[in-house]
Amino acid sequence: MEKQLVRSFLYPILSSPEHSYSFPDQSAFRPAGSTTSALIYLFHQIITLLQHNEYVHLIALDFSKAFDTVRHDTLMSKLSTLPVPDCFYNWLADYLFSRQHQTKVAENESIFYQ
């Protein structure tokens, strides 16, 4: 179901000209996007920079659990600015309603957010 929702509602937004400037280097959730395409882009950037620089610093971050830590109200607020159908927006809002999340780092825990 997730794949169908992404194909039906998110792909068109990410590939539309009026929104593509917001996601110029987005690899995920694109028809031709993948980890492989992201790595190819990254290596191309590094090679290009090495042609003019002696060395390049690379800082890599893993955001694989990023969705688990985002505030639901913030997500819905940003989603409301995109041209998604009301049925998709309402479905996601209903799904997130009364669900909580909490961020934990080592021994530190945030308060529960809805």
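Which residues does Leu58 touch, not counting residues up to four places away in sequence? In this predicted model, Leu58 touches Leu42 and Ile46. Leu58 is placed in the loop between α3 (35-50) and α4 (66-69). Along the chain, Leu58 and Leu42 are 16 residues apart, and their C-alpha atoms are separated by 9.6 Å. The relative accessibility of Leu58 is 52%; because residues over 50% count as exposed, Leu58 is classed as exposed.

The largest nonpolar core consists of nine residues, namely Leu5, Phe9, Ile13, Met76, Leu79, Val84, Phe88, Leu92 and Leu96. Two or more residues of this core are given by each of the elements α1 (2-15), α5 (72-79) and α6 (86-96). One of the core residues is Leu92. When its neighbours within four places in sequence are left aside, Leu92 is in contact with Leu75, Met76 and Leu79.

The axes of α5 and α6 lie 11 Å apart, and the two helices pack at an angle of about 180°. Since angles over 145 degrees count as roughly antiparallel, α5 is roughly antiparallel to α6. On the α5 side, the contact is made by His72, Leu75, Met76 and Leu79. On the α6 side, Phe88, Tyr89, Leu92, Ala93 and Leu96 take part. By class, the contact of α5 with α6 comprises eight nonpolar residues and one polar residue, with no charged residues.

Note on methods. Residues numbered from 1 in each chain as written. Predicted model: local features only at pLDDT ≥ 70, side-chain atom pairs only at ≥ 80, totals over all residues. Heavy atoms only, no water. Core = buried A, V, L, I, M, F, W, Y, C linked by side-chain atoms within 4.5 Å. Buried < 20%, exposed > 50% of the residue type's maximum accessible area, 1.4 Å probe, protein only. Helix = DSSP H or I, 4+ residues; strand = E, 2+ residues; numbered from the N terminus. Contact = heavy atoms within 4.5 Å. Axes fitted to C-alpha atoms, helices over the stretch in contact; angles between N-to-C directions. Parallel < 35°, antiparallel > 145°, perpendicular 65-115°, else oblique. Nonpolar A, V, L, I, M, F, W, Y, C, P; charged D, E, K, R; others polar.
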